[in-house]
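Please look over the structure shown here, beginning with the chain as a whole and then turning to one pair of packed helices.

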Amino acid sequence: MTAEMTLRRPAKRRLARILPLTRTWGVALLLSLMLAASVAVSLTLGSFPTTPAAVARALAYPASSDIGFIVWELRLPRIGLAVLVGAALAVAGAILQGIVRNPLASPDVIGITSGAAMAAVVFLALFSASMNALWLPLAAMAGALLAALLVFSLAWKKGVTPARLVLVGIGLSAAMGAVTTLLIVISDDAAAMHAYVWLTGSIYGAQWHDVLGMLPSLALCLPLCFILARHMDALALGDSIAQGLGVNIARSRLVLVASSVALAGSAVAFAGGLSFVGLIAPHIATRLVGRGFARQVPIAALVGSLIVLYADLLGRVAFLPKDLPAGIFVSGIGAPFFVYLLHKSRS
Amino acid sequence: MLTTRRAKSVGLILGLGLTLLAFVTSIALGTTPISPATLSSALLHYDPSQVNHIILLTERLPRAVVAALVGASLAIAGALMQTMTRNPLASPGILGINAGAMFFVVVTVSLLPLSSPAEYVWPALLGAFVAAVLVILLSRGRHGEVSPLRVVLAGVAVTALFVSFSQGLLIVDQQGFESVLFWLAGSVAGRDLALVTPLLPLFLVAIVICAVLARHANALLLGEDMVKGLGINVTTIKALLGLAVILLAGSSVAIAGMIGFVGLIVPHMARGLFGLDHRWMLPGCALLGACLLLTADVAARFLMPPQDVPVGVMTALIGTPFFIYIARREAGHHTKGRA
């Protein structure tokens, strides 16, 4: 099929050789424009009706505007958190799918999501009366890290093979999911409801410090992804080939998994169980720009941001006066698009 | 792992014994303990004036039968899915079966005044079939070939779609969904035997398919080119095994709702004990699945007495330690190249 295409479209092929990333750049540009436009639209929509002009004025001069507070303190942090969380989950998913060489992998698979969920529900069930809710993200992040550590150490036996990592991961995830359900069953209604919303995934009531909390892991791990992209592509070919290409398998794998844990861990901490983004965004990226980790990462991040942004927008404005958790709409938005891409890519 | 034929046979017989023990325990234990002697007398000379006999035949026995049947079916279906997609993360849910059943039940409940799990059986079964057919249609390439990767991806997409539709419906109309939520959590309690009997032919067909095709399923593990080289028609084999999965998992979901863990994890346990040969592994799955679900159901009755703990929670809690042990010991060389 490639040969056929080369014969039919030589000009494009030649162009691609000069600018090897043409298609990726095009898609990236398009997605970035979409994201910018969506952020702008998202800013003007909400339970309080606002005109675009008023929002623009409020953005420029928050002090002199009536809606300065709404725009700067309610909508903007929420939009910012949606964008960052989506990007982090998408990149975490892309890393894991590459590492364990399994298209079904997502941050769930090494226990990150279920660990965070369990910690969050323990916190909500036992400490929510006595401690400030500000500690919830911290508890969730600690849970994610502990779970990942536990999975890694249980899967460790003179090194970690992807197969063992996956098996131990799904086993522990199942157990932690069971404990979570159990805790919800025994806790009182208010805590249970809170836990349900958390598990569905929501960025309701996001504040600027949440947005800031997302930044360290993204700032640290995104550059790492590009640095290690070649190693990642080599690992995708199998351990022995990667070794032959001069990759230090154990070290690269550890660094990559650690970045994935940091990204997904912080995303889950601030937004709860939105992990479907981590599963589907990398696949959408692959369908859009093909394989190759360096290409996949930015596209997946943009796709993830768009999905979470729209999911939250829908939850915020579609069912007014209700403000529904974004997690409900994440699959509703991601899945149809993915079905379309899958159908189109029949070959 | 059990390596010789002899050891495997002993293993299967032992498994059968354990399953029978779990079955009897499931019947005997509960808020009113019933002795095994009462069981035999109830079966042989049923006396409607005795409360124990009534409890036994209307509640305990159906519950145990359903647990054993559903546990065995889900485990076998999961094993077949993992073989066909060559993916250790695959479970019957990957074919969209659970999500389809859930969606159809939610739609039916919002249109018709249904209220008990017994009335969900047919919509759930229909939903499971529709979703599975949709996944298979979507995963066909241009020339009608079905690759494992596309099945998995299409399954994920269709599952997500149906789940989000159902969640949407549940949110728009929150009244009257209490029983649906209960059904979603998965349970083997309160299922009448009359509910199960019409589905028995489906289970039977699936079991026959598995028995006949176990050897061919082994060949699928070698990769499709190899199977073609052996002169086996891959498409037919896969279609029949796929049908078996739909029948087994679809009927199970229809009867018992969503019971997690069994379809995903038990096949790995069986593989760890009996190896990759489906002729040993599938019976192993059936016994382990039945045994696990029976035990979990008994444990769920006693964990927090007034509370009904979802049986899926107990399967995970009981099964995980054993599973991790097996994964650590065996995953290295058994699923090599399959993850």
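Chain A holds 16 helices and zero strands, where helices (H or I, at least four residues) and strands (E, at least two) are DSSP runs numbered from the N terminus. This is a predicted model, in which local features need pLDDT of at least 70 and side-chain atom pairs count only at pLDDT 80 or more, while totals for chains, interfaces and linings use all residues. Residues are numbered from 1 along each chain as its sequence is written, and chains are lettered from A and ligands numbered from 1 in the order in which they are written.

Taken along the principal axes, the C-alpha atoms of chain A fill a box of roughly 60 × 55 × 35 Å. Of the 347 residues in chain A, 51% are buried, meaning that 20 or more other C-beta atoms, placed from the backbone, lie within 10 Å of the residue's own.

Within this chain, the axes of helix α7 (residues 135–155) of chain A and helix α8 (residues 162–186) of chain A come within 9 Å and cross at roughly 135 degrees; axes are lines fitted to C-alpha atoms over the stretch in contact, with angles running from 0 to 180 degrees between N-to-C directions. The helices α7(A) and α8(A) are therefore oblique to each other, the class left over once angles under 35 degrees (roughly parallel), over 145 (roughly antiparallel) and 65 to 115 (roughly perpendicular) are set aside. On the α7(A) side, the contact (C-beta atoms, placed from the backbone, within 7 Å) involves A147(A), L150(A), V151(A), L154(A) and A155(A), and α8(A) contributes R164(A), L165(A), V168(A), G169(A), L172(A) and M176(A).

Definitions and conventions: Contact = placed C-beta atoms within 7 Å. Buried ≥ 20, exposed ≤ 12 C-beta atoms within 10 Å, placed from the backbone.
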